[in-house]
Amino acid sequence: MIDPFVLQQVPENWRAQAEVFSEIFLVFLAIGTVVGVVVVAYTLYNAYKYRGSKSDGSSFDAPQLGELPTGQSGGKSKKLFLSFALSAIVVISVVVYSYTLLLYVEAGPTSEVETEGSMEIDVVGFQFGWEFEYPNGQTSLNEMRVPAGEDQVIRLHVTSDDVWHAFGITELRVKADAIPGETATTWFVADEPGTYAIECFELCGIGHSQMGGQVTVMEPDEFNEWYEGTDEGTSQSQVEVSS
């Protein structure tokens, strides 16, 4: 579990969004499984223990209409109190844990965490595609190239040129609304080279289903070579990625 008080002090422990969301899912799955097994097992145990039989001569004293329960003392009331207390502890712990991680993701890496390889890319949605603009002014359509690496933080500034869109990279757990006149900021880290699908998650017109693209995650040296080739005459705006 992440300690929220040391997030900004341990840059090497900064993790990608996809890893954080996967951890939340696994924690909820584990807790839900344990709680479910305990509840079902205890229910079956009591159903068997207090099962009725034909030879049982005792009669059930049903409550009358309007009769209020008087409560009980002893072991049963203690069990009820204990179950409520444990439930409260579990729920509050899970809420605090998940909320802390969500704040962690929303805040993103600080300037102390980001390295020289970190980049800021402008993303503009339009009917029906995506335009990406890099720090050196180079633009591309429907393909965004970024360097791989745990310390390569990619910040995206997302907006729209016409109608509402929603920029998303499912595999990297990235999503941001693209709204005309507004700019949403998000970030991601891609650990391994490869390609990841870009999708629009907002119904934006007749060509919505074809509005896609891809993120190409490259080795740092390969990315540097490509990036320098896009703006050979402007060395001051080149981004050097740490290998």
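## Overall architecture

The accessible surface of the protein amounts to about 15,400 Å², and carbon and sulfur atoms account for 58% of it. The structure described here is a predicted model. Of its 243 residues, 33% count as buried.

The protein contains three helices and 10 strands. Along the sequence these elements follow the pattern α-α-β-β-β-β-β-β-β-β-β-β-α. Among contacts between residues at least 6 apart in sequence, 66% join residues that are at least 24 apart.

Five strands form an open sheet in the order 4-10-9-6-7, and their pairing is mixed. From one strand to the next, the twist averages 20°.

## Strand 6 and its two neighbours

Strand 6 (residues 165-169) is joined to strand 7 by five bridges, and the two strands run antiparallel. Within this pairing, alanine 166 has aspartate 177 of strand 7 as its bridge partner, while glycine 168 is bridged to lysine 175 of strand 7. Strands 6 and 7 form a hairpin with four residues between them. In the turn of this hairpin, arginine 173 has a positive phi of about 55°.

Strand 6 is also joined to strand 9 (residues 194-200), here by two bridges, and this pair likewise runs antiparallel. Glycine 168 stands opposite glutamate 199 in strand 9.

## Burial of strand 6

In a regular strand the side chains alternate between the two faces of the sheet. In strand 6, His165, Phe167 and Ile169 point one way, whereas Ala166 and Gly168 point the other way. Residues of both groups are buried, that is, under 20% relative accessible area. Because five of the five residues of strand 6 are buried, the strand is largely enclosed by the rest of the structure.

Helix 1 spans residues 17-49 and includes phenylalanine 28. This phenylalanine is partly exposed, with a relative accessible area of 40%. Leaving aside residues up to four places away in sequence, phenylalanine 28 touches Val94 and Ser98. The C-alpha atoms of phenylalanine 28 and serine 98 are separated by 9.3 Å, although the two residues are 70 residues apart along the chain.

Ile31, Val35, Val39 and Val90 make a nonpolar surface patch of about 270 Å². Helix 1 gives the most to this patch, contributing three residues. Valine 35, one of the patch residues, lies in helix 1. Valine 35 is partly exposed, with a relative accessible area of 40%; a residue must have over 30% relative accessible area to belong to a patch.

Methods:
Residues are numbered from 1 along each chain as its sequence is written. This is a predicted model: local features need pLDDT of at least 70, side-chain atom pairs count only at pLDDT 80 or more; totals for chains, interfaces and linings use all residues. Side-chain values use heavy atoms; hydrogens and water are left out. Two strands pair if DSSP finds at least two bridges between them. Axes are lines fitted to C-alpha atoms, for helices over the stretch in contact, and angles run from 0 to 180 degrees between N-to-C directions. Buried means under 20% relative accessible area, exposed over 50%, partly exposed in between (1.4 Å probe, protein chains only). Contact means heavy atoms within 4.5 Å. Patches are made of residues with over 30% relative accessible area and no salt bridge: like charges are joined within 9 Å, nonpolar side chains (Val, Leu, Ile, Met, Phe, Trp, Tyr) within 5 Å. Accessible areas come from the Shrake-Rupley method with a 1.4 Å probe; for residues, only the protein chains shown count as cover. A salt bridge is a side-chain nitrogen of Lys or Arg within 4 Å of a carboxyl oxygen of Asp or Glu.
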